[in-house]
Structures are given as structure tokens and as C-alpha cells.
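Look over the sequence and the model before reading on.

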Amino acid sequence: MFERIKSGQIELDRINKHKRPALCLNLGKTDYSRALDLQYDLVNAKKNKLIEYDRIILTEHFPCFTLGKRGGDEHIVCSKEFLKSKNIKVIQTTRGGNITYHGPGQIILYPIVDISALKIDIPTFVNMLEQVMILTCEAFGVKGERNCKNPGIWVGNAKLGSIGISLKQGVSFHGLSLNVNPDLTPFSWINPCGFNDIEITSIEKELLKTKNNSQKPSIELNIDKVKNVLMKNFESVFHFDLRYVNENTMPGINETTNSRAKPSWLKRNLPKSSGFEKVRNILNEEKLNTVCQSANCPNKWECFCSGTSTFMILGNQCTRNCRFCNIESGLPSLVDPDEPKRVANAVKRLKLNYIVITSVTRDDLSDGGADHFAQTISQIRNKMGGKSKIEILIPDFKGNKKALKTVLHAKPDVLNHNIETVPSLYKIARPEANYNQSLNLFSNSLEIDDSIPLKSGIMVGLGETYNELFETMKDLFKSGCSMLTIGQYLQPSKKHLPVKKYYYPDEFIELENLAKKIGFSEVASGPFVRSSYKAEELLNTTASKSYKPIIVPASAIST
């Protein structure tokens, strides 16, 4: 046991006085194991410098017992059958301390914090967590105190709040639990913290004592209000600038949250402009499809109002059925030989300087529609006199290298192919696609024509880990991709894959910095970013840097 620091001797002067930004993950009620997996992902990302900001997880757990390093199930004083009947799990953890109970009504705070950056030692860190709980209890009329022998806060011989932490290369996880108004009965089924002679109390229980065991406590107790006070005290004691405290951004971590209820930064007003109707009318008159409309892109209004769109050729029925995509799948129509001309006419009428052309996947065609792409590029060049830039966003052509040559020989200014997600999620998100086949498309493109910049896109929020994102970025870069877009996955309808996580705007900045650290020349990363969003700006920046393809051995890429 480390030496305890007496109450009131917390050395706040040892902390950097400049407020440190940190992101708060307010998870609502969660399964303990799922929250633990999240901690591991964040700790590994933090220690490997994949993320910049500290993370503070705020939650309540569904009923469970957890075992620390210093105690086992010998401190459970009821039968396994009894616990099973109560639907309570027993989980072994790596935190310090002994056995405890978690359940609704108990606030859990997990700081994923770089202790060394705070310039404090472990005893000071523990004391600061205790101070957060003491100040919070005081705000509700309960006086909690330290025990110089045992971490946590106490009211006499009754324990009110617990602390158990672990460290990995200076990054903390696990944390504190504060009993607000939980059912305390399950504590009687164990020896809490390994003691058989202590009482467990709560803020509610202590308040009831002040009213001589009356039915209601002297102060109205609302756990959300207590959470808000606790977070303010945490921010003050640790000198943090906490962001997004009241946003629930991980609907996929429990079953009680609506995954289609978007956080505040994903809500925006529609632009007011006559440009929207102009673009839509021209597209309708030329009988053209756009991915903006078919995929229900969140940037549709912005792009149309600014006079741009992404043309979708080869029909509007896809031969594949990706579970994230809003484009309909089914039996595709015959290829329309006049479509390339109509696309060129629309480009002329819209006076576009930069054109993005994509398509549905056409596995029914021997070349996957490659010749149709080439004809469309040729028609636009003829119509615009070579003044416009053309980016093509192509499917994988089932690995057909001849088809890839066809589109590259048409000389697009950018070749784009979306990797979409990390390989572990392909089975559920892209069951008919192949991760390595997509990577080979880039390496084959460089082999065919290394003068054309290569671009790809990743959507986040399907349940990927930070390490998986890092490895996917590295794979793309090693395959020759130099431009990258990263955007938030949004569930188009209830029949599509649910959102597992809404990334904070700050996290998109972290991902952009990580991609640039790997070596990507240009990165667009943000909640509303899509593969063709502001594509012209991305290419112009790349062109100003005199694009040169880079082939990098795997051993040369690291954090």
C-alpha cells in the first residue's frame, strides 16, 4: 500500500496551471464489460499516442460484482445459484482493491488520464479523486472523510465512495464509484472491499438519517444533478477543461439509447439559396442520378446550393447490399449509352470546374462499368475543352485489373475508392466486398499510372477501435493512397446498421493529425465529411504541393 496523503494536503500547485482539454464520454447505464473494453481501447490509444486528449468516462453500471487484484470470490457470502437468480455477474478486473458491487444509482467515473503529463504521483492522483467525491457530497449536505489506511471516502465506519485504479505506461483507467441512491442490499451478499465489519452507505441514506428516518431526504436527490456537480468538481480539482459533458455519444454501448438521436453538432440549419432548385431541375431535365440524393447525403443542401453535385452513373440499383448504404440494391437496369453525354451537358449547364463521378456497383457487367466511366470522362473533356478537373469514385471492379486500366487510361485527375471501414467490420458492413482487394486496387493503380493521385474514405462510428483505424490508415498509405477523408457514419434508416459511436469534433481533429502523421498529404476529417465533400479543395492543396506517389515499406510507418 502506498503512503497516504492527509486530508487537505493535495498538492494542486504541482499540476500544470493551464487547463487541459479533456473529452467526457457520458454513457448513461452500461454493461461493465463493455465499458471495460472501451477503457482498454482508449488506454491503448492514449499510450500509443493515437489520441491527444484525455478521456473521462461517466456512467452507471447494470448490477455486477467486480474483483480487484487483492481479492477473489472468497468474499462472496452467497451461492453462485443465488447470484444467477438475481442476474448478477461476477467479473475479474485488473484494478487495485478488492471486491465491490456496481449498480444503478451509483456514479462511476473512469479517468483515462496521462498521469505523467499532470506531473503528479499515484498517491496524489488518488487523493484528488477522493477530493472530488468529498466536495460533491458536501454540496448535498453529507460530510465524507478520508481513511488514512484505505482509499475512498467514509462516514464513520460506513463507506460512501470507492477508488480502484490501474496504470498502463502512465495512463490511468478504472477510477471511482460514488453511492448516490443505489439499492444497497447486494453489498450484504459480499464482504465489501474484503472487510466483513464495515457498513456501506449512500448519500441518500445519510440524508435520511438527518430527517430521523423520515420517508424523504432533507435535500432533493437527483442522480443527474449529482453527476453534474461531480463533473464540475472533477474539472476544478484536476484543472481540466471538460468538453461534451452532457452529450451521449455512444448509443451502441447499451440497449437503452436511441442510436438515431444525434448529438448537437450533427444538427444544422438548411442553407437558404435558389441554387438548390436550379441544380435539382437540371439533374431532372437531364434524367441523371446523384449519390447526393440516392445515398441521402447530409451535405446535399450545401452542395446543391453552391452549384455542385456528385454524379452517379450506371443506374440507381446496386448489385451489392452493404448494410450502411442507403442506395437500393436489386436488379440493375440496362446501361444507358446516352448517359455520358447527358452528364457532360449537365456539367456545362452547371458551369462546373470540378466534377465527381461515381456509380453503383455493377457486378453484372464484365468490366464492372469501367468503359462507361471512361466514356463519361471523355464526353466531359470534349464538352468543357479540358478545363474541368474530374475525380472518379469507383467500385472495386471485383479486382479486375483490365477494368482498372480502362478508367486510368481515360486520365481522371483523381482516382478515389472508399475502403469504408476496418477489416474486422467487413463481414457485417460490406459482406460482398474484400478488404485486401480494395487495397490491391491502389497498388495496381500506381503500377498502371503513378501520375494520378489516389484517394480513399473511411466512415467511423460502426464499432471500430482506435488501433483498427490506425492500422487501416497505414494499410491505405502503404498501398499508395495519398488523400484521405474521414466522416461520421449516420444510420439512414432503422433497417441499416446502428450507430455505435458519434465521434466528437475534437476526435476528428485527432484522427486528421494521426493520418498526417502517417504521411497522407491531404486529409479532410469531420462529422459531415464524405468522400467527395469539398473534393476540389483537397486536390488543389495536393496539386500545390506537386504530387508525387510514395511507396512506403511497412517497417517505416510507426507512431
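Glutamate 145 counts as partly exposed, at 41% relative accessibility. In this predicted model, its salt-bridge partner is lysine 143, with 3.9 Å between the closest N and O atoms. Lysine 143 is exposed, because its relative accessible area of 60% is over the 50% cut-off.

The structure holds 25 salt bridges.

| Pair | Closest N and O atoms |
|---|---|
| Lysine 143 and glutamate 145 | 3.9 Å |
| Aspartate 413 and arginine 381 | 3.2 Å |
| Lysine 401 and glutamate 447 | 2.7 Å |

Take aspartate 413 and arginine 381, which form a salt bridge. Aspartate 413 lies in the loop between α12 (401-409) and β17 (414-416), and arginine 381 lies in helix α11 (residues 370-384), so the pair ties together parts that are 32 residues apart in sequence. Arginine 381 is partly exposed, with a relative accessible area of 22%.

Next come lysine 401 and glutamate 447, another salt bridge. Lysine 401 sits in helix α12 and glutamate 447 in helix α14 (residues 435-448), so this pair ties together parts 46 residues apart in sequence. Lysine 401 is partly exposed at 30% relative accessible area. Glutamate 447 counts as exposed at 57%.

Salt bridges can also link up. Arg55, Lys501, Glu507 and Glu510 are joined in a network of them.

Is valine 499 buried or exposed? Valine 499 is buried, because its relative accessible area of 1% is under the 20% cut-off. Valine 499 lies in the loop between β19 (483-488) and α16 (505-518). Valine 499 and threonine 249 are 250 residues apart in sequence, and their C-alpha atoms are 9.5 Å apart in space.

Notes
Residues numbered from 1 in each chain as written. Predicted model: local features only at pLDDT ≥ 70, side-chain atom pairs only at ≥ 80, totals over all residues. Heavy atoms only, no water. Helix = DSSP H or I, 4+ residues; strand = E, 2+ residues; numbered from the N terminus. Buried < 20%, exposed > 50% of the residue type's maximum accessible area, 1.4 Å probe, protein only. Salt bridge = Lys/Arg side-chain N within 4 Å of Asp/Glu carboxyl O.
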